[in-house]
Amino acid sequence: MPLSTPTLGCLALLLIGSLLHAGPSRAAAEQPAAVRKTYTYKTADQVKIQADVYRPNDDTVRPVLVWIHGGALIMGGRNSVPPKLRELAQAEGYALVSLDYRLAPEVKVPAIIEDVQDAFRWLHEQGPKLLHIDPDRVVVAGGSAGGYLTLMTGFAVKPRPRALVAYWGYGDVDGDWYTKPSEHYRKQPLVSKEEAYRGVGSRVIPGTDSLSGDEQKGRGRFYLYLRQNGLWTRDVTGFDPEKDRKKLDPYCPVRNVSADYPPTLLIHGTEDTDVPYELSANMAKELARHKVDHELFTVKGAGHGLTGGERKRIDESNARATAFIREHLK
């Protein structure tokens, strides 16, 4: 069913919160309650870019689960941590870190990746003393655009994370799915150029959590306009996908897989009309070619965020993700 509102890229953020399941372990009763503290990991464009850290208020050194929010790199914020992911971190005694980053189109993809790199640099350099974390035990997870950024950390962040979980993410930013008009989104009333650009551009923002409803709606309408006209790559990356493909290579995980890439779990629905299933399938093929430990967990008939998928299969995907995270944060 077509959406009647333009908060399209943020839909997965809401869905993740209801779909991700992480059952409590025996350790849950032994772990002190986590508290949330907010830290500024960098300042750029005169704005503070922050991370929320959920962990018990003690000095115990803990492994780290990093969450990167989605929203088409245009919307979303660090407050969207899936509750079940927080439950998993609480049960297992992980420190959970949720990152903000500057959003497009006010900045472009290179600056967004720079923010992610700086966040991990902060975790490694400041984390042991400031956050009492083990920077050598890090798993990264994210959904949709956050899944894309998660896959970027597999080669753009040093040292590399131990493992990655990409929920309905993507390995390229210049395929036909993003550079040509989307038939799915053109079924909705077309957004004019004037309306689209009226909702963005006034200032650099590191997340939309603090924006008004109208401001968030405006950014959603902008995203809808980009998808209806095949302009996402140009306006979000800052590169022309026809003329600048080589310049886009460093921002496409599928073109940067090597034998050193971290173990990766990909979860995707076959009927995803926002991020096509083939994006995860292509990533899985490249991981296999380089003999990287990986798994593509497919939910047949499911859309973006696994909407419409069989409940049993969704539960199985959640259980697999939970086991995968636990395995790599032992």
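Helix α3 (109-130) and strand β5 (133-143) each supply at least two residues to the lining of the second largest cavity. Let me start there. One caution first: this is a predicted model.

The count is two cavities of 30 Å³ or more. Which residues line the second largest cavity? They are F120, H124, P135, V138, P159, R160 and P161. By type, that lining divides into five nonpolar residues, one polar and one charged.

Stay with P159 for a moment. P159 sits in the loop between α4 (145-156) and β6 (163-167). P105 belongs to the loop between β4 (95-99) and α3.

Next, helix α7. It covers residues 213-229, 17 residues in total. From first C-alpha to last it reaches 24 Å, close to the 24 Å expected at 1.5 Å a residue. Which residues of α7 are buried? The run goes G218, R219, G220, R221, F222, Y223, L224, Y225, L226, R227 and Q228. In general, an α-helix has 3.6 residues a turn, so residues three or four places apart point the same way. What covers the buried residues of α7? The cover includes α5 (176-179), α6 (193-198) and α8 (232-237). After α7 comes G230, with a positive phi near 65 degrees.

K187 is in the loop between α5 and α6. Is K187 buried or exposed? It is exposed, because its relative accessible area is 64%, and the cut-off for exposed is over 50%. K187 and Q228 are 41 residues apart in sequence, yet their C-alphas are 8.8 Å apart in space.

Now two residues in strands. Take H268, in strand β7 (residues 264-269). H268 has a relative accessible area of 0%, so it counts as buried. What does its side chain do? A polar contact of 3.1 Å joins it to the side chain of D272. A polar atom of the H268 side chain also lies 2.8 Å from the backbone oxygen of V275. Leaving out residues up to four places away in sequence, H268 touches a list of residues that includes W168, G169, Y277, F297 and L306.

The other one is I68, in strand β3 (residues 62-68). I68 is buried too, because its relative accessibility is 0%. Among the residues I68 touches, beyond four places in sequence, are L99, Y101, V140, L149 and T153. D45 is another matter: 23 residues from I68 in sequence, and 21 Å from it, C-alpha to C-alpha.

Last, two backbone angles. L73 has phi near 65 degrees, a positive value in a residue other than glycine. L73 sits in the loop between β3 and α2 (83-92). It is buried, because its relative accessibility is 0%. K291 also has a positive phi, near 60 degrees, and is not a glycine. Its loop runs between α10 (277-289) and β8 (294-299). Is K291 buried or exposed? K291 is exposed, because its relative accessible area is 73%.

Notes: Residues are numbered from 1 along each chain as its sequence is written. This is a predicted model: local features need pLDDT of at least 70, side-chain atom pairs count only at pLDDT 80 or more; totals for chains, interfaces and linings use all residues. Side-chain values use heavy atoms; hydrogens and water are left out. Helices (H or I, at least four residues) and strands (E, at least two) are DSSP runs, numbered from the N terminus. The expected span of a helix is 1.5 Å times one less than its number of residues. Buried means under 20% relative accessible area, exposed over 50%, partly exposed in between (1.4 Å probe, protein chains only). Contact means heavy atoms within 4.5 Å. On a 1 Å grid over the protein atoms alone, a cavity is a set of points where a 1.4 Å probe fits but cannot get out, and a pocket is an open set with protein on both sides within 12 Å along at least five of seven lines; lining residues have an atom within 4 Å of a point. Grid points are joined across faces, edges and corners, and a volume is the space filled by probe spheres set on the points. Ala, Val, Leu, Ile, Met, Phe, Trp, Tyr, Cys and Pro count as nonpolar, Asp, Glu, Lys and Arg as charged, and the others, Gly among them, as polar. A polar contact is a pair of N or O atoms within 3.5 Å; within protein, one must be able to donate a hydrogen and the other to accept it, and residues adjacent in sequence count only if both atoms are side-chain atoms.
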